[in-house]
Amino acid sequence: MKDIRTEEMLLNMGPQHPSTHGVFRVVVRTDGEMVLESESHIGYLHRCFEKCAENLNYLQVVPYTDRMDYLCAMINNFGYAQTVEKLMGLQVPPRAEHIRIIVAELNRIASHLLALGTYGMDIGAITPFLLAFRDREKILKIFEKLCGQRLNYSYVRVGGVSFDATDEILQEIQDFCEYFEPAAIDEYDSLLSYNGIFISRTANVGVVSKEMAIDYGLTGPNLRGSGVRRDLRKDEPYGIYDRFQFEIPTGDGEQGTVGDCWDRYMVRVREMRESAKIVRQALASIPSGDFVDKKAYKSVKPPKGEVYHKVEGARGELGFHLVSDGSAKPYRLKARGPSFCNISILDSITASGKCMVADMVAIIGSLDIVMGEVDR
Amino acid sequence: MAAPENLNPDPLTKNILFMNSVDYLINLTRANSVWPLTFGLACCAIEMMATGAAKYDIDRFGSGPFRATPRQADLMIVAGTVTHKMAPRVKRLYDQMPEPKYVIAMGGCVIRGGPYVKYGYHVLKGVDLIVPVDVYIPGCPPRPEALLEGLFKVQKLMEKERILDRTRKLTKPEVYSPV
Amino acid sequence: MATHEEIFKTLKEKFGDRIVEERLDAIDPFIVFHPSIVQDLAFFCRDEEKLRFDLLSLVSTVDYLPQAASADGKTPAVAGRIEVVYILDSTVHKHRLIAKACLDRERPHLKTVENVWRAADWHEREAFDLMGVVFEGHHNLVRILCAEDWEGHPLRKDYVIPDTYHGIKNVIY
């Protein structure tokens, strides 16, 4: 066997690939099936959000914040609205606060459903994809009744929300929670989470240690999958999250090591249960009244100043750095997309030398990136 | 579906017996088996995935298998914003598809830049600046039913094809070049 | 968890007058430091027991154009500057810090902190790409978001969108 010569190969997992979750390019140097090193290239979806925000007034920027992380658009809107309200010192009516929490958590459930559906499809299981989309369509139908849009809502605005939630819609949300937790999540667990093939493809793969995760600026389910209990809804509560009881699931190495792909996936599944709990509590305590502060909704003109506010998006810490010069347009609006930091860890995971080409697909899927947020 | 009139301009084949029916049969089978290329770039890709999922099933119209490689696809659904960094790759993928090929431009961003038309320096203002587009579907993002309607329009385009014109010299649109 | 006053006091004790300004009354209190101490400040923030800022959230940049003096002489001329804002978090003590450095607009150079927090690698590449801030000592300072042969730094206030790019028309209206 000693006269067999192997060569290294440069493989391009190009911008168009069924498993890279968007336009993401990784140039991989492989020795057969083992990956020696990888180099990621981003920027194929750079849509100049920050330049657009400097030229439009505060209300016109809201649709652009939707399209950054298009899977949890409500939470993006929520973060932007709270940033501007923090600068203005504005208080939002309590009914609006409750509605914001309800739609944000429903959107987190929808985003995690899509994450686990497409992750199963990347690994090879097609059925969870269809089931996840079936449940996702139920949530999208509720959102369509609420604000008319299925994907990029622009619903949470500065001063409140743009339309009121009628009793019929609230009843539908209640019915959805009854259906979803625990029955539907148990179904996903039995189909995918504890499936032998899924475990052997994701356990002990792509291990991210606690120190490495914090060093690279990871946040959200990826950080919690490595064992760090950090959730902005509990650590720096915004809105009225401090009134609700919910747990923070963290990865504990149940099927392999702490911080592997299975842990990150399982944190998302468990978070869906907690989100359903929050929605139930918010529905029980929602008051009647105004859903928007009408004066602020019409014209938004914050005073001169600078502020940084962050919310817990479905993928991590979503932050907005806003500099205002007192006019009707932001002077500088910088968005911190969580997936930007999450994906930067890929090159150092593969540098460990224990990855195979198929494992790269599993790792990218478990990091759950959305390229709109990486490139903005 | 009524048999369309014989639009064959070629005088040599105009009156060949059964040519019309042969075209009709072949186009019928082609139109009900249009295989798209997975080319989701941004938010419209999620609506394309929802069209492929169970509620708005695209598989019942024959377009279920989304091929990952352009060499096996005959329809490129450009779903999502195309940026200047991505534009050469879109052109390269289009060139790799075999004839006859069709392009659907899905969403506002690929029609004329969408919301990024004025201040988006890095956004390509419409994918028809680089590839010829057959069907435009407006919306941001368009509903899955709108994508299905776009697919039906492509199927109607296929009905007018002639098998002697496999490279679509008669029916292919032009690339838009503004002055 | 330390308050902003305590954090600023610790930093002032260590660096003295290199901390140019402290603003406790702003909505988000911040400090402004001299650009030459950026690496020492970063190591101190990360390693000091009372601070332990181990998570670098964001490296943001803001461009301020030079303003001429007003005609009646009331407001003096202000030189242009580019501000680099570091937003740091501590997972141990659960407090945070916003630290800024003001750089000259003609020659915005600053030492890199990528050997302190590895998250700074891509953040600094983005700041270079979009604003033109050069981070000295960075191992791979190339464009990350815009195309490789893009010219100019788009987020500057005096940037003009190019009319065509490789022959394709870029400005429609």
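Analyst: Let's begin with a term: two residues are in contact if their C-beta atoms, placed from the backbone, lie within 7 Å. This is a predicted model, where local features need pLDDT of at least 70, side-chain atom pairs count only at pLDDT 80 or more, and totals for chains, interfaces and linings use all residues. Residues are numbered from 1 along each chain as its sequence is written, and chains are lettered from A and ligands numbered from 1 in the order in which they are written.

User: Okay, which residues does Ala53(B) touch, not counting residues up to four places away in sequence?

Analyst: Start with where it sits: Ala53(B) belongs to the loop between α2 and β2 of chain B. Helices (H or I, at least four residues) and strands (E, at least two) are DSSP runs, numbered from the N terminus. Once residues up to four places away in sequence are left out, the ones that Ala53(B) touches carry the letter of chain A: Leu130(A) and Phe133(A).

User: Is Ala53(B) buried or exposed?

Analyst: You get this by counting: a residue is buried if 20 or more other C-beta atoms lie within 10 Å of its own, exposed if 12 or fewer, and partly exposed in between, with C-beta atoms placed from the backbone. Around Ala53(B) there are 21 other C-beta atoms within 10 Å, so this residue is buried.

User: By how many Å are the C-alpha atoms of Ala53(B) and Gly64(B) separated?

Analyst: Along the chain, Ala53(B) and Gly64(B) are 11 residues apart.

User: Zooming out, how many helices and strands does the secondary structure of chain B come to?

Analyst: Read the elements of chain B from the N terminus on and you get α-β-α-β-α-β-α-β-α. Counting by type gives 5 helices and 4 strands.

User: Which strands of chain B stand at the edges of the sheet?

Analyst: Two strands pair if DSSP finds at least two bridges between them. In chain B, an open sheet of 4 strands runs in the order β1-β2-β3-β4, with parallel pairing. Two of these strands have a single partner strand each, so one side of each has no neighbour in the sheet: β1 (36-37) and β4 (135-137).

User: What is the bridge partner of Pro36(B) in β2(B)?

Analyst: The pairing of β1(B) with β2(B) is parallel and covers 2 bridges. Look across from Pro36(B) into β2(B) and the partner you find is Leu75(B).

User: What about chain C: through how many residues does a hairpin join β1(C) to β2(C)?

Analyst: Strand β1 (residues 19-23) and strand β2 (residues 30-33) of chain C pair in the antiparallel sense, over 4 bridges. Within that pairing, Glu21(C) faces Val32(C) in β2(C). The hairpin that links the two strands runs through 6 residues.

User: Which element gives the most to the side of chain A that touches chain B?

Analyst: This contact is made by 26 residues from chain A and 28 residues from chain B. On the chain A side, α1 (49-55), α2 (62-66) and α5 (127-147) supply at least two residues each. The top contributor, with 4 residues, is α5(A).

User: Last one: how many residues does the contact of chain A with chain C take from each chain?

Analyst: Several elements of chain A supply at least two residues each here, among them α1, α3 (73-88), β6 (305-312) and β7 (317-324). The tally is 30 residues from chain A and, from chain C, 25 residues.
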